[in-house]
Amino acid sequence: MSSIRTVAVCGAGGTMGTGIAIVAARAGFRTISYDVAEAPLDRAARQTAGFLGKSVERGKMTAQERDHILGAMERTTDLEGLAEADLVIEAVFEDLAVKKALMARLDGVCSGSAIFGSNTSTLSITEIAAGSKRPDRVVGMHFCLPAQLMKLIEMSPGLLTSDETFRAAWAWTEACGQIPVRTQDKPGFILNALLVPFNNDAIRAVEAGVADAADVDRAIKAALGYKMGPLELIDLIGLDTQVRLCEAFYPVTLDPRAATPPLLRRMVAAGLLGRKSGRGFFTYDGNAMFGA
Amino acid sequence: MRYAIVRSGASRSFPDGDPFLGRAVPADAAEVVVHLAGAEFRPAAGRAAVLVELGTECLGFHTGEDPAGEGGNVLGFARYRNGDDPPSALVELVRRPGTSADAVAAARAVFEEAGLAVVVCGDQAGRIVDRLVRPKYNAALRLLDEGLATQGDMDLTCRLGLGYPDGPIERVLRGGLAHHHDVTRALFETYGSAGFAPARRAVVEAQRRGKAAVPPD
């Protein structure tokens, strides 16, 4: 039986944090959303209400259930407000120093039995846990975007994570109806360890003149049954984000496939960031997509 | 677009019984000639296109490498197959820098009229799909060896996290590790990049295949 009753989400004003808070509250946990300012929490509250409202419209939950979930959600810009949390999941900016500093501050706020989960997708759990005086209570909990819809959670123990902590965090994900998988604390865990180099290879294929972007994506979709080609996916996540992922992985792994492809760097320099700028490997007009 | 087929042995793109074979016409009535794997390539300048089925080799293996004279009406092709899986709906059409646009259009018509999806790529080892997926399968097999996660969890992660119909390890195992070895070895010989070097499990399986070919004492 899990002893987790109250869940806090740090960085709850961000897209990932908003989704994680929904997951927790939807499963019946008292959920405290924390961020450094009211504005991101306001935005998250609007997004949460919108998401749950659509769930009601689609018949996935009743209005009563929606109201119950919203009633379980609290918010604060004061870290001291997380004192009663049994599980704190951080989804703050992907920066080791920021996450380590947060762990140190949580040490001073939360009870000794609290578990600290990190939603990092690129950083080492062990290194993040080094910011805490209780690294045995720190565990990797990488949700997929959008967290409120995606079931998968990559669960990674750091070198010092206790079995008790890992088991409790794992049980909590299952209580939320999520599907956990266990990975070692290695760069990118499973998902990004495979995806980031694969996406780079697709960029390099275009750069090497193997085929144009449209045919690269068409080939992968037709041959493998993927819903989205790698270059369309990079456009969706942002070419600048792909650069950041490369810069996080390559210095750690020294895997040439993880190094930033020169074409990617040039495209970012040219402001071709993907969907968010209207053009990346493909050109976008609203929701419509045109071939490169 | 009417096409004739020249065959000599088994084709990975169009195995016996494939409807594509049944729609072929006699050579004297065809605009396009399709050389399936094993058939000797012969130029035919008067045809709209001459198509050569490729395995792991480049088109240049059949036509010769001559930067000044590459092109004309000859194209390579391969219908993508994951090892022993049935052929997919994808045909990778291989053109060279001087290949005529009319020949590409004729080749495309042959396959699209058969209900297949066509992409056009340059004459590079692995074409599009194997060039992209084989390093990923190698990485997945290596990470499995290193204990990153179980095979089941790695495949499940790709299915749930990325919406793939199958995971990389179940896919490469289904296609055959020895087949993966053959493809990656050809890629590695061409490019020399570590990502193409056959993964340990594929090497072992290829070694076992060789061992099985040796009759017992």
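This is a predicted model: local features need pLDDT of at least 70, side-chain atom pairs count only at pLDDT 80 or more; totals for chains, interfaces and linings use all residues.
In chain A, the secondary structure amounts to eleven helices and ten strands. The C-alpha trace of this chain spans about 55 × 45 × 35 Å along its principal axes. The radius of gyration of chain A is 20 Å, in agreement with the value near 19 Å that a compact globule of 292 residues would have. Of these 292 residues in chain A, 49% are buried. Among the contacts in chain A with a separation of 6 or more, 66% join residues 24 or more positions apart.

Residues 188–284 of chain A carry the UniProt annotation "domain: 3-hydroxyacyl-CoA dehydrogenase C-terminal".

Helix 7 of chain A comprises residues 191–207. At 1.5 Å a residue, its 17 residues should span 24 Å, and the distance of 24 Å between its end C-alpha atoms agrees with this expectation. Helix 7 of chain A is mostly covered, as 15 of its 17 residues are buried. G209(A), which follows this helix, has a positive phi, near 75°.

In chain B, helix 3 (residues 101–112) contains twelve residues. From its first C-alpha to its last, helix 3 of chain B reaches 16 Å, close to the 16 Å expected at 1.5 Å a residue. The buried residues in this helix are A103(B), A106(B), A107(B), V110(B) and F111(B). These residues lie on the same side of helix 3 of chain B, because they cover an arc of only 130° around the axis. The exposed residues A101(B), D102(B) and A105(B) are carried on the face turned away from that buried side. The cover over the buried residues of helix 3 of chain B includes strand 1 (3–6), strand 2 (32–35), strand 3 (49–53), strand 4 (74–79), strand 5 and strand 6 of chain B.

The contact between the two chains takes 37 residues from chain A and 39 residues from chain B. On the side of chain B that touches chain A, at least two residues each are supplied by strand 5 (90–94), strand 6 (117–121), helix 4 (129–145) and helix 5 (151–162) of chain B. Helix 4 of chain B gives the most to this side, with nine residues. By class, the side of chain B that touches chain A has 26 nonpolar, nine polar and four charged residues.

A residue of chain B that touches chain A is D153(B), whose place is in helix 5 of chain B. D153(B) touches V181(A) and R182(A), residues up to four places away in sequence not being counted. D153(B) counts as buried because it has 20 C-beta neighbours inside 10 Å. The C-alpha atoms of D153(B) and E112(B) are separated by 38 Å, these residues being 41 residues apart along the chain.

Key. Residues are numbered from 1 along each chain as its sequence is written. Chains are lettered from A and ligands numbered from 1 in the order in which they are written. Two residues are in contact if their C-beta atoms, placed from the backbone, lie within 7 Å. Helices (H or I, at least four residues) and strands (E, at least two) are DSSP runs, numbered from the N terminus. Ala, Val, Leu, Ile, Met, Phe, Trp, Tyr, Cys and Pro count as nonpolar, Asp, Glu, Lys and Arg as charged, and the others, Gly among them, as polar. The expected span of a helix is 1.5 Å times one less than its number of residues. A residue is buried if 20 or more other C-beta atoms lie within 10 Å of its own, exposed if 12 or fewer, and partly exposed in between; C-beta atoms are placed from the backbone. The radius of gyration is taken over C-alpha atoms; the globule rule is 2.2 Å times the number of residues to the power 0.38. The arc is that of the directions from the helix axis to the C-beta atoms. UniProt positions are given in the numbering used here, feature names are shortened, and annotations may be inferred rather than shown by experiment.
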